[in-house]
Each structure stands twice: as C-alpha cells, then as structure tokens.
Amino acid sequence: MAAYYTSQAYDAPASHVWSILTDFASWPRWFPGVSAIRFEGNGTPGHGTQLVALGDSPDVWTRWEIVDWTEPHRLLCEHIDSNSRMSDQVQAAYLQFELIDDPDGCTVEVEIGADGHGIVGDFFVGMTLGSEVRRMLPRIIDAFSDYVVARSAETA
C-alpha cells in the first residue's frame with residue numbers, strides 16, 4: 001500500500017485540536033476538494049459512522065467509514081466507495097489523523113494511503129494519485145493549521 005504522511009506541531013493540547021478536527025461541518029474550510037460532509041447512519045460521529053464527502057462538483061461524492069475513533073488521539077477513516085473518476089482503480093484507501101500530546105501542545109500527523117486494483121491500479125495509485133496526494137498533504141496541513149489558529153483566537 002502506498003502511504004503519504006505529513007505532520008505539524010501546535011501550541012494547544014490534543015483535546016483542543018481534536019474538537020476542531022472532528023467538527024466535520026468545518027472540513028470544507030480547510031480540506032481541499034470537499035464542499036460538505038454529511039453523516040449516514042445514526043448521525044453521530046464515532047466508530048462505525050459513515051461520512052459522505054461531497055466534492056467541489058455537487059454530483060461527486062466519496063463515502064468513508066470511521067474505523068477508529070480514539071478521542072482525542074486518532075481518527076481513522078477507510079474508503080468505502082465513490083463516484084469520482086479515480087475510484088475504479090483504487091482497491092482500498094484510508095485517511096488517518098493522529099494527535100500526539102507533548103509538553104508544548106501536540107503534534108498532528110496526517111497519513112493517506114491507497115492500494116490499487118492489480119498492476120494498472122497500483123501504477124495509477126503510485127504515479128497519479130500519489131503525486132496528487134503529495135501536493136495535497138501540505139495544503140491540508142497548512143489550511144488546517146490556519147483554521148486551528150483562527151478557531152483558537154475565537155475561543156481565547
């Protein structure tokens with residue numbers, strides 16, 4: 001499985017950053033290509049909840065399931081299905097946020113991984129999706145950091 005990773009330190013405890021991260025209604029403000037998030041099932045975020053991320057185009061969606069909700073340290077979502085153009089080549093994918101407390105605040109680690117269907121799918125994931133994810137990860141962490149600062153200023 002191809003996996004891509006980045007991290008960022010924050011001057012706030014993991015519990016504070018977690019509350020911002022798990023405010024799914026705010027994801028369109030900082031997650032590239034997401035215009036809205038909606039819940040399927042019981043509507044309460046947590047282990048087993050399915051999230052549908054709507055893309056920039058209103059007819060594009062991706063469904064994820066939260067498979068690990070360890071508050072305030074880990075949010076792990078696995079890809080279920082999508083109608084995006086690249087989904088036919090992806091066999092499995094995940095998005096993970098790990099929040100690690102340290103004496104000065106916390107560090108957020110973001111990891112995105114994917115496996116392709118067969119040789120063509122692996123090539124697609126490695127070359128096409130991989131380069132897209134490598135460009136997207138810094139945008140995610142930078143936009144999230146800006147959002148954390150803004151939200152922290154609001155509550156100060």
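1. Asp102 sits in strand β6, which spans residues 90-102. In this predicted model, Asp102 has a relative accessibility of 33% and counts as partly exposed. Together with Asp11, Asp101 and Asp104, Asp102 belongs to a patch of negative charge on the surface.

2. The salt bridges number 6. One of them pairs the side chains of Asp23 and Arg151, with N to O at 2.9 Å. Asp23 is in the loop between α1 (14-21) and α2 (27-30) while Arg151 is in helix α3 (residues 118-155), so this contact ties together parts 128 residues apart in sequence. Asp23 is partly exposed, at a relative accessible area of 25%.

3. A salt bridge also joins Glu40 and Arg63, whose closest N and O atoms are 2.9 Å apart. Glu40 belongs to strand β2 (residues 36-40) and Arg63 to strand β4 (residues 61-70), so the pair ties together parts 23 residues apart in sequence. With a relative accessible area of 25%, Glu40 is partly exposed, whereas Arg63, at 15% relative accessibility, counts as buried.

4. Strand β6 also holds Glu98, which links to Arg74 in strand β5 (residues 74-82), 24 residues away in the chain. Glu98 is buried because its relative accessible area of 14% falls under 20%. Arg74, at 27% relative accessibility, is partly exposed.

5. Some salt bridges share partners: Arg38, Glu40, Arg63 and Asp81 are joined in this way into one network.

Methods:
Residues are numbered from 1 along each chain as its sequence is written. This is a predicted model: local features need pLDDT of at least 70, side-chain atom pairs count only at pLDDT 80 or more; totals for chains, interfaces and linings use all residues. Side-chain values use heavy atoms; hydrogens and water are left out. Patches are made of residues with over 30% relative accessible area and no salt bridge: like charges are joined within 9 Å, nonpolar side chains (Val, Leu, Ile, Met, Phe, Trp, Tyr) within 5 Å. Accessible areas come from the Shrake-Rupley method with a 1.4 Å probe; for residues, only the protein chains shown count as cover. A salt bridge is a side-chain nitrogen of Lys or Arg within 4 Å of a carboxyl oxygen of Asp or Glu. Lys and Arg count as positive and Asp and Glu as negative; His and the chain ends are not counted. The place of a charge is taken as NZ of Lys, CZ of Arg, CG of Asp or CD of Glu. Helices (H or I, at least four residues) and strands (E, at least two) are DSSP runs, numbered from the N terminus. Buried means under 20% relative accessible area, exposed over 50%, partly exposed in between (1.4 Å probe, protein chains only).
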